[in-house]
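User: I'm new to this structure and would like to learn how to read it. Could you walk me through it step by step?

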Amino acid sequence: MKALVWHGKEDIRYDTVSDPEIEHPRDAIVKVTSCAICGSDLHLFHNFIPAMMPGDIMGHEMMGEVVEVGSGVNGHLKKGDRVVVPFTIICGECDQCKRGNFSVCQNSNRKKHLADKVFGHATAGLFGYTHLTGGYPGGQAEYLRVPFADATHIKVPDGIPDEKLLFLGDIFPTGWQAAVQCDIQPTDTVAIWGCGPVGQMAIRSAVLLGAQRVVAIDRVPERLEMAEAGGAITINFDEESVVERLNELTGGEGPEKCIDAVGLEAHVTPSLPDTVYDRAKQMVGMESDRPHVLREMIYVCRPAGVISIPGVYGGLVDKIPMGQLMNKGLTIRTGQTHVNRWTDDLLRRIEEGQIDPSFVITHTVSLEEGPEMYKVFRDKQDSCVKVVLKP
């Protein structure tokens with residue numbers, strides 16, 4: 001089959017690879033009908049996330065049709081079922097899965113010994129990501145093996161286009177969880193840093209959850225226009241001070257809730273000296289992530305407020321103002337997304353017309369064009385916000 005394969009920093013190739021096979025009774029094989037490039041794929045593209053290996057198949061946002069099931073799937077899936085595949089691989093049986101904490105499933109990370117050493121305790125296995133999360137082949141491919149397939153799937157109805165359903169596997173529940181973690185109240189101002197795909201979903205989730213005001217922060221005009229269309233007040237950080245504008249909007253009090261939808265690759269901006277400092281330390285290996293957004297959120301957030309972090313961080317950050325964080329009594333909530341905790345509700349909202357997640361798609365191309373689209377997406381060329389690939 002054909003797939004997008006990681007060969008090193010900024011080197012993704014459209015290769016011929018072995019077809020996946022049933023390896024365990026709980027496996028299923030899915031013929032991929034749509035997949036997408038995610039912002040966190042760029043962290044792998046730039047080799048900021050450790051433990052990628054040449055030959056790893058990329059992608060963790062995919063859907064398709066079940067073409068083969070193992071004997072242990074026990075009727076949960078059958079040939080011909082249409083499914084979205086969450087990026088989190090879940091057993092459905094461990095203590096964390098029973099609690100709905102699916103992104104920290106205790107059984108699905110097949111390289112748990114590596115993750116235990118790096119993180120203290122392993123997280124769940126993830127598709128198309130680092131070997132710290134299992135090194136599972138991803139879904140930017142013609143076919144995908146789904147481990148623990150009886151639990152790791154979202155059945156979706158016929159008659160709804162892939163484009164409306166695909167993002168149930170990652171960015172829609174990720175934006176939703178980011179907003180839910182804020183415990184949004186009707187009087188809240190919710191500030192969201194980053195208007196990429198996850199930020200766009202967080203904006204619309206905060207609106208659906210009843211925030212009084214949503215403020216979106218970015219510098220890319222197309223992203224800011226999309227955020228405004230979703231109901232947000234926008235701030236272009238190249239043109240005005242984020243802190244001053246947020247304080248102006250909130251009568252000097254600061255936003256009650258702040259969401260970091262940027263993560264480890266915050267923009268390097270000469271007018272913001274700490275971003276230059278971070279990039280310099282990153283280049284010489286003294287810091288792995290660029291945490292400008294974290295610092296800014298801690299500084300501007302209203303005392304006793306909540307900071308929610310769906311943005312991916314991979315390692316070590318520097319100069320985090322712990323004194324501000326502690327003395328202001330801020331709550332931080334983080335984590336990879338517990339996808340299946342949210343998807344029944346989110347699928348219902350799609351079916352009822354409350355939201356159509358396909359609004360975020362700007363480019364739909366063949367899988368073969370994927371390597372070039374990584375660069376287009378990275379460089380935000382051609383007004384690119386979200387890329388869907390068709391195998």
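**Reading the pocket, sheets and domains**

Analyst: Let's begin with a pocket lining: α10 (292-300), β15 (306-309), α11 (322-327) and β16 (331-334) each supply at least two residues of the lining of the second largest pocket. Helices (H or I, at least four residues) and strands (E, at least two) are DSSP runs, numbered from the N terminus. This is a predicted model, where local features need pLDDT of at least 70, side-chain atom pairs count only at pLDDT 80 or more, and totals for chains, interfaces and linings use all residues. Residues are numbered from 1 along each chain as its sequence is written, and side-chain values use heavy atoms, leaving out hydrogens and water.

User: What is the volume of the second largest pocket, and which residues lie nearest its centre?

Analyst: Rolling a probe the size of a water molecule over the atoms shows where empty space is left. Here the pocket's volume is about 790 Å³ (the space filled by probe spheres set on grid points joined across faces, edges and corners). A pocket is an open set of points, on a 1 Å grid over the protein atoms alone, where a 1.4 Å probe fits, with protein on both sides within 12 Å along at least five of seven lines; lining residues have an atom within 4 Å of a point. Of its 31 lining residues, Val-312, Tyr-313, Thr-334, Gly-335 and Gln-336 lie nearest the centre. α10 gives the most, with three residues.

User: Which domains does the lining draw on?

Analyst: Domain 1 (2-170 + 337-390) and domain 2 (172-334) each give at least three residues. Those bounds come from an automatic or database domain assignment. The domain centres, taken over C-alpha atoms, are 26 Å apart.

User: How do I read the sheet order, and which strands stand at the edges?

Analyst: Strands of a sheet pair through backbone hydrogen bonds, either parallel or antiparallel. In this model, six strands form an open parallel sheet ordered β13-β12-β11-β14-β15-β16 (two strands pair if DSSP finds at least two bridges between them). β13 (233-236) and β16 are the edge strands, each with a single partner, so one side of each has no neighbour in the sheet. β15 and β16 pair over four bridges, and Ile-307 has Ile-332 of β16 as its bridge partner.

User: Where is there an antiparallel sheet?

Analyst: Look at β2-β1-β4, an open sheet of three strands with antiparallel pairing. β1 (residues 2-6) and β2 pair over five bridges, with Tyr-14 in β2 as the bridge partner of Leu-4.
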